[in-house]
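Keep the 3D view open as you read.

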Amino acid sequence: MAKSTSTKTTKKRATAKKTEPMKGRLLGAHVSTAGGADKAIDRADEHGFTAMQIFTKNNNRWDAKPITDELAERFREKFADSSLRFSMAHSSYLINLCSENKETLAKSRRSLVEELERCDKLGVPHLNFHPGSHGGRGIDAGLRLVADSINWAHERAPDLDVTSCLEFTAGHGTALGYRFEHLARIIDKVEDNQRMTFCVDTAHLCGAGHNLAHSLGYEKTIEEMDEVVGLKRLVAVHANDSKMEVGSRRDRHEHIGKGYIGVEGFRRLMNDKRLWDVPFVLETPKGEEMKEDDENIAALLKLVK
Ligand SMILES: [Zn+2]
Ligand SMILES: [Zn+2]
């Protein structure tokens, strides 16, 4: 088949998706920023995503090139013209807001300020980060220190249109955030807690012991999430199936329907009216072409009743 024909078809499909939202849901994936932050928008738009997550810097380095005014403008313009309706950023993996190492703690706090500012410059309204690992200092002291670190960052980065979004974790090692109560206690100790939101990763819920595949387990999870933290603060769901069993405290992402959450778990998530307005963002393995993302999105949409 002639090459031009297939290109045309792809283009046509992308445009069609744009005017035909994904059954009213905001859906997409974590997208690579290789070549520049605005390139992520091109990739997301090509696949008709309505939601995306990005890293605003290399996620395994402390330092970062500043975001130029030109890049920020290009990013905002492209976003407005794209299929996207929602964006969020995931922080660097190096940040630990309750590190026992003084130098790491100081770097983490500065990094949080910097990443909040980078989001603000790009117009990305949420910076998602893991609460932190307490090392040996214990849960209570760890939670207090995370809140202190966030207060420290908020004081140095005031008046930004970016929320500090705590991610629920699987609870590996001494990681905090594997109980809704952990998130609530941090939010409670943050002075300007209007700036606080949260995100749940379904694979992390599974690792932390929530059985989303089971009707009772599912109901208990959503009710507890609402009672303890409050669904009004939930800004996104990281939609990942889990390679690890319920309660494993481990975090290994699997394609939708192929893991321990399975088709039944995602059917509940996709049809839950309480989550109707919450964007779902995939963080599942994929190649450069991102066809796995298309397949996972199709798998989610197929479950909508
Ligand atoms: Zn994460
Ligand atoms: Zn996640």
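**Strands side by side**

Start at Cys199, which stands opposite Ala236 in strand E7. Keep in mind that you're looking at a predicted model. Cys199 belongs to one of the two groups of residues on strand E6: Thr197, Cys199 and Asp201 point one way, Met196, Phe198 and Val200 point the other way, and all are buried. That's six of six residues in E6 (residues 196-201), so this strand is mostly covered. E6 runs parallel to E7 (residues 234-239), and four bridges join the two.

Now look at the other neighbour of E6. Four bridges join E5 to E6, and this pair runs parallel too. How does the chain get from E5 to E6? It passes through helix H6 (residues 180-189), making a right-handed β-α-β crossover.

Next, move to strand E2 (residues 51-54). Ala51 and Gln53 point one way from E2, Met52 and Ile54 point the other way, and all are buried. Gln53 is a handy landmark here: His30 stands opposite Gln53, and Gln53 also stands opposite Met88 in E3. Three bridges join strand E1 (residues 27-30) to E2 in parallel, while E2 and strand E3 (residues 86-90) pair in the parallel sense over four bridges.

Helices do the linking here as well. E1, H2 and E2 make a right-handed β-α-β unit, and E2, helix H3 (residues 69-81) and E3 make a right-handed one as well. In H2 (residues 37-46), the buried residues are Ala37, Ala40, Ile41, Arg43, Ala44 and Asp45. An α-helix has 3.6 residues a turn, so residues three or four places apart point the same way. After H2 comes Gly48, with a positive phi near 70°.

Let's finish in the loops. Most residues other than glycine have a negative phi. Asp159 isn't a glycine, yet its phi is positive, about 55°. You'll find Asp159 in the loop between helix H5 (139-156) and strand E5 (163-167).

Met290 sits in the loop between strand E10 (280-282) and helix H10 (291-302). With 19 other C-beta atoms within 10 Å, Met290 is partly exposed, since being buried takes 20 or more.

How values were computed
Residues are numbered from 1 along each chain as its sequence is written. Chains are lettered from A and ligands numbered from 1 in the order in which they are written. This is a predicted model: local features need pLDDT of at least 70, side-chain atom pairs count only at pLDDT 80 or more; totals for chains, interfaces and linings use all residues. A residue is buried if 20 or more other C-beta atoms lie within 10 Å of its own, exposed if 12 or fewer, and partly exposed in between; C-beta atoms are placed from the backbone. Two strands pair if DSSP finds at least two bridges between them. A crossover is right-handed if, with the strands pointing away from the viewer, the path from the first strand over the helix to the second runs clockwise.
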